[in-house]
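Subject: Structure handover

Hello,

The structure is below, with my notes after it. Please read them alongside the coordinates.

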Amino acid sequence: FKTLGFCISLVLVSIILKKYLEVLLDVESTEIFVLLIFSLIMITSSCARFLGLSEAIGAFFAGMVVSETRQKSRTLEVINPFYYLTTAIFFVSFGMITDYSAFGGIYWWVLILVGLSIPFKLLTGLLAGRSYGLSRRASIRMGLSLLPRGEFSIVLAAVAMPFTVHSIQALTTLYVLIMAVLGSILIKMADVLARWVERPNPP
């Protein structure tokens, strides 16, 4: 309930104060603009922390608030240099706090998730490709390209970390690793799989 209330409050504040935020961020100095953006992130993250929530929730919704302003493109431009550094730090820290001894108790849940994810991701790519007029082979390739896309699951696990147990972190980590490996292999076999699917049926 605290998470839901915090999210609703931020959305309402962003709607009410949107025009004031636009004026505040409309500065010519890039240095001042960067300081304002990071100040907004620190304020929302600190509020989340004060309520006993993850700082990531505050940062996430700070991004949502900024994305509704005219400064979205400028914000992406100034924070882009920090992207790869902070992403690497995040994944290293997540890997360090994951309890790998929990893999033995959750591997069968991971296999179930993998078994469900592969056909649904393939179907999603196939339907999306066909809706845009792509050939069946191109649609299959699109579906296969979705298979290793599981990094956001780690982000969600990190956001929910104060409310989860180590087994959830281990499940998410193992799931992403398996999907990344399988996805990379299947993408390289995309043409072979597409030709196999497209081969004509015998009379």
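Among contacts in the protein chain between residues at least 6 apart in sequence, 73% join residues at least 24 apart; contact here means heavy atoms within 4.5 Å. This is a predicted model, in which local features need pLDDT of at least 70 and side-chain atom pairs count only at pLDDT 80 or more, while totals for chains, interfaces and linings use all residues. Residues are numbered from 1 along each chain as its sequence is written, and side-chain values use heavy atoms, with hydrogens and water left out.

The protein chain has 10 helices and zero strands. Helices (H or I, at least four residues) and strands (E, at least two) are DSSP runs, numbered from the N terminus. Of the 203 residues in the protein chain, 29% are buried, where buried means under 20% relative accessible area, exposed over 50% and partly exposed in between (1.4 Å probe, protein chains only).

Helix packing. The axes of helix H6 (residues 103-131) and helix H7 (residues 136-145) come within 7 Å and cross at roughly 140°. That makes H6 oblique to H7: angles under 35 degrees count as roughly parallel, over 145 as roughly antiparallel, 65 to 115 as roughly perpendicular and the rest as oblique. Axes are lines fitted to C-alpha atoms, for helices over the stretch in contact, and angles run from 0 to 180 degrees between N-to-C directions. H6 contributes residues including Leu 122, Gly 125, Leu 126 and Gly 129 to the contact, and H7 contributes, among them, Arg 136, Ile 140 and Gly 143.

Cores. A nonpolar core is a set of buried Ala, Val, Leu, Ile, Met, Phe, Trp, Tyr and Cys residues joined through side-chain atoms within 4.5 Å. The largest one has 15 residues, and Ile 106, Val 110 and Tyr 175 have the most contacts inside it. H6, H7 and helix H9 (166-188) are the elements that give two or more residues to this core, and H9 gives the most, with six residues. Another core, of nine residues, lies apart from it and includes Leu 21, Ile 37, Val 66 and Val 78.

Gln 71 lies in the loop between helix H4 (55-67) and helix H5 (72-97). Gln 71 counts as buried because its relative accessibility is 9%. Leaving aside neighbours within four places in sequence, Gln 71 is in contact with Leu 25, Asp 26 and Phe 33.

Regards
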